[in-house]
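Subject: Structure for you to look at

Hello,

Here is the structure I said I would pass on.

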Amino acid sequence: MHIFYTPDITQNSYTLNEEESKHCVRVLRLTIGDVVNLVDGKGGFYTAEIASDNPKKVSLSVLKVETEFHKRNHYLHIAVAPTKNIDRIEWFLEKATELGIDEITPVITDRSERRVVKEDRLNKVITSAVKQSIKAYHPKLNDAISFEAFLREPFDGNRLIAHCIDKGEKQYISKLVAPHQKYLILIGPEGDFTPNEVDLALNKGFKALTLGDNRLRTETAALSVCFEINYLNR
């Protein structure tokens with residue numbers, strides 16, 4: 001199955017851009033009459049036939065459209081502190097996209113070792129994972145934002161913060177998750193959130209979350225949350 005990401009598709013025909021056209025004809029060696037699939041990132045899954053195999057301008061005729069393709073019964077937004085090694089966050093984005101996630105926000109905290117994030121590069125990782133895992137929904141990647149500013153952002157759903165500080169009551173995800181709901185989960189940097197940041201989040205209505213006794217890397221903690229919420233919402 002050959003998948004192309006076509007976020008601007010609106011008609012019964014579509015023309016791939018030059019980069020995708022070259023990949024289609026020169027790399028995949030597809031030709032007129034071959035059938036491919038398209039995803040628009042908004043739930044649309046298209047079956048299309050190659051009408052013209054120009055390596056600079058491949059034309060496609062749409063044969064079938066499915067809407068809300070593999071739509072999940074919940075909404076998951078993970079706000080995570082970017083790691084010093086950007087490869088780790090790229091790994092998280094790839095695997096989270098494969099598992100199922102709706103929105104990601106890089107959050108800059110007091111202990112963040114990385115404060116600059118190249119969203120274009122990370123979006124390419126997400127898009128590649130969308131095609132690889134045959135997802136019709138493209139997760140939204142927000143611009144990096146400071147922790148304090150992020151807390152002021154509105155969110156109509158369950159808000160959780162995972163931290164390792166030994167204070168107050170923390171609950172497991174299994175006690176906080178139910179189907180058909182929205183979830184926003186904060187994951188801290190190497191070194192965890194500061195006590196002040198945890199207090200700020202709790203005062204904003206976030207609930208404290210534990211991921212168990214093991215001390216996890218940032219990207220592992222974020223992926224663990226993604227897996228558990230998808231598993232519990234099956």
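In helix α5 (residues 195-203), the buried residues are Glu197, Val198 and Ala201. Buried means under 20% relative accessible area, exposed means over 50%, and partly exposed lies in between (1.4 Å probe, protein chains only). The three sit on the same side of α5, because they cover an arc of only 100° around the axis; the arc is that of the directions from the helix axis to the C-beta atoms. Their cover includes α4 (147-151), β10 (158-162) and β11 (182-187), where contact means heavy atoms within 4.5 Å. Just after α5, Gly205 has a positive phi of about 100°. Helices (H or I, at least four residues) and strands (E, at least two) are DSSP runs, numbered from the N terminus.

The model is predicted: local features need pLDDT of at least 70, side-chain atom pairs count only at pLDDT 80 or more, and totals for chains, interfaces and linings use all residues. Residues are numbered from 1 along each chain as its sequence is written, and side-chain values use heavy atoms, with hydrogens and water left out.

Next, the strands. β3 (residues 35-39) and β4 (residues 45-54) run antiparallel and are joined by five bridges; two strands pair if DSSP finds at least two bridges between them. Val39 has Phe45 in β4 as its bridge partner. Five residues lie between the two strands of this hairpin, and Gly41 in the turn has a positive phi of about 80°. β4 also runs antiparallel to β5 (residues 57-66), with nine bridges, and the hairpin between β4 and β5 passes through two residues. Thr47 has Lys64 in β5 as its bridge partner.

How many salt bridges does a search of the whole structure find? There are nine, a salt bridge being a side-chain nitrogen of Lys or Arg within 4 Å of a carboxyl oxygen of Asp or Glu. In one of them, the closest N and O atoms of Arg72 and Asp102 are 2.8 Å apart. Arg72 is in the loop between β5 and β6 (75-80), and Asp102 is in the loop between α2 and β7 (103-108), 30 residues apart. Arg72 is partly exposed, at 25% relative accessible area, whereas Asp102 counts as buried at 18%.

Glu219 and Arg88 form another, with the closest N and O atoms 4.0 Å apart. Glu219 lies in helix α6 and Arg88 in helix α2, so this pair ties together parts that are 131 residues apart in sequence. Glu219 is buried at 6% relative accessible area, and Arg88 is partly exposed at 24%.

Regards
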